[in-house]
Amino acid sequence: MAIAKAERLMNLALCLLGTRRPLSKRELRESIEAYLEAGSDDSFNRMFERDKDDLRELGLVIETVENLDGEVGYLARRDSNRLPPITLDAEEAAALGLAAKVWQQARLAGAASGALQKLRAAGLPEDVDPYEVHVALEPRIPVHEAAFEPLMLACRDRRPVVFDYRKATAARPEQRHVEPWALECWRGHWYLAGWDRDRGAERVFRLSRITGKVRSRSGRFTADIPDVVTVRETVASWAGENADRSALIRLRTDAGYPLRAKATAVRELGDGWDELEIPYGHGLDAWLVEFGPDVVVLEPAELRADVVDRLRAVAKG
């Protein structure tokens with residue numbers, strides 16, 4: 001079955017690349033043996049649409065053209081499907097290889113490998129191995145959240161999505177209708193930026209707080225996508241990266257190393273506790289809650305109250 005599909009995709013690609021005018025579905029069906037063997041028009045239409053999507057997924061640019069009679073035709077222009085000459089030196093090839101090896105998520109790992117194979121076919125020198133990167137540390141981008149892949153595809157295809165999301169202060173998740181813009185990893189966590197239709201505003205969602213399945217919805221986006229989606233800057237501001245105040249906390253010895261890295265002052269208290277002064281900005285309360293009983297907020301009073309409220313919400317959930 002895999003060989004038959006590969007042969008069918010190859011034949012379709014050759015037909016679309018070899019024509020000088022758009023070919024209709026009828027003409028393509030008459031030109032490809034596998035389509036002639038399709039049992040019915042519905043079967044052929046489903047097969048053709050899947051094949052067309054697969055070729056586009058592989059990178060083939062397929063144009064859809066409607067003639068004066070209203071008949072739809074398809075073609076793949078050679079100039080749109082031809083890479084410019086590729087010239088990479090050893091350092092550039094090594095950088096590409098390192099980037100390809102970063103991904104641990106299966107779908108992206110395969111896509112990165114396929115991209116390097118295309119570069120090789122386009123003229124990457126045979127004596128340059130982009131996978132042969134000699135470094136002491138090899139970076140990795142972990143992707144553990146089940147929501148990552150459907151959201152990545154929804155961002156790519158510009159499809160609205162629906163998912164259940166539990167805020168740090170909420171005992172139960174609530175449904176969110178979102179137009180996804182971009183995904184970004186920050187401090188080991190993945191975040192989605194998009195337009196929240198229910199609230200009519202831009203929002204950033206942490207993927208680890210998405211519960212259940214991400215479901216796609218039909219229709220177009222209703223809000224304009226910004227030229228630059230500042231996911232990291234938004235999350236950083238919520239986490240106090242741009243804070244202009246300070247908070248005083250007690251932290252158990254040998255715990256909370258991310259907090260210690262942010263601290264502007266550390267004082268040993270003894271009895272297994274240290275006192276830290278850290279930047280205080282919007283969202284710091286949610287971050288402190290993640291450290292559970294290892295953190296006690298001393299001041300300011302409003303931060304302490306916010307952390308207590310969040311812990312009570314978690315306990316009720």
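Predicted model: local features only at pLDDT ≥ 70, side-chain atom pairs only at ≥ 80, totals over all residues.

A: Helix H4, which covers residues 41-57, contains 17 residues and reaches 24 Å from its first C-alpha to its last, close to the 24 Å expected at 1.5 Å a residue. Phe-44, Met-47, Phe-48, Asp-51, Lys-52 and Leu-55 are buried in H4, where buried stands for under 20% relative accessible area. Viewed down the axis of H4, these buried residues fall within an arc of 135°, so they line one face of the helix. That pattern can be set against a general rule: an α-helix has 3.6 residues a turn, so residues three or four places apart point the same way. After H4 comes Gly-59, with a positive phi near 110°.

Turning to the strands, an open sheet of three strands is ordered S1-S3-S2, and its pairing is antiparallel. Strand S1 (23-24) and strand S2 (63-66) stand at the edges, each with a single partner strand, so one side of each is left without a neighbour in the sheet. Two bridges join S1 to strand S3 (residues 72-75) in the antiparallel sense, and Ser-24 stands opposite Gly-73 in S3.

Elsewhere, strand S9 (residues 245-252) runs antiparallel to strand S11 (residues 273-280), to which eight bridges join it; here the bridge partner of Leu-248 is Glu-277 in S11. S9 is also joined by four bridges to strand S12 (residues 295-299), again in an antiparallel arrangement, and Leu-251 has Val-295 in S12 as its bridge partner.

Technical notes:
Residues numbered from 1 in each chain as written. Heavy atoms only, no water. Expected span 1.5 Å × (residues − 1). Buried < 20%, exposed > 50% of the residue type's maximum accessible area, 1.4 Å probe, protein only. Arc of directions from axis to C-beta. Pairing = 2+ DSSP bridges.
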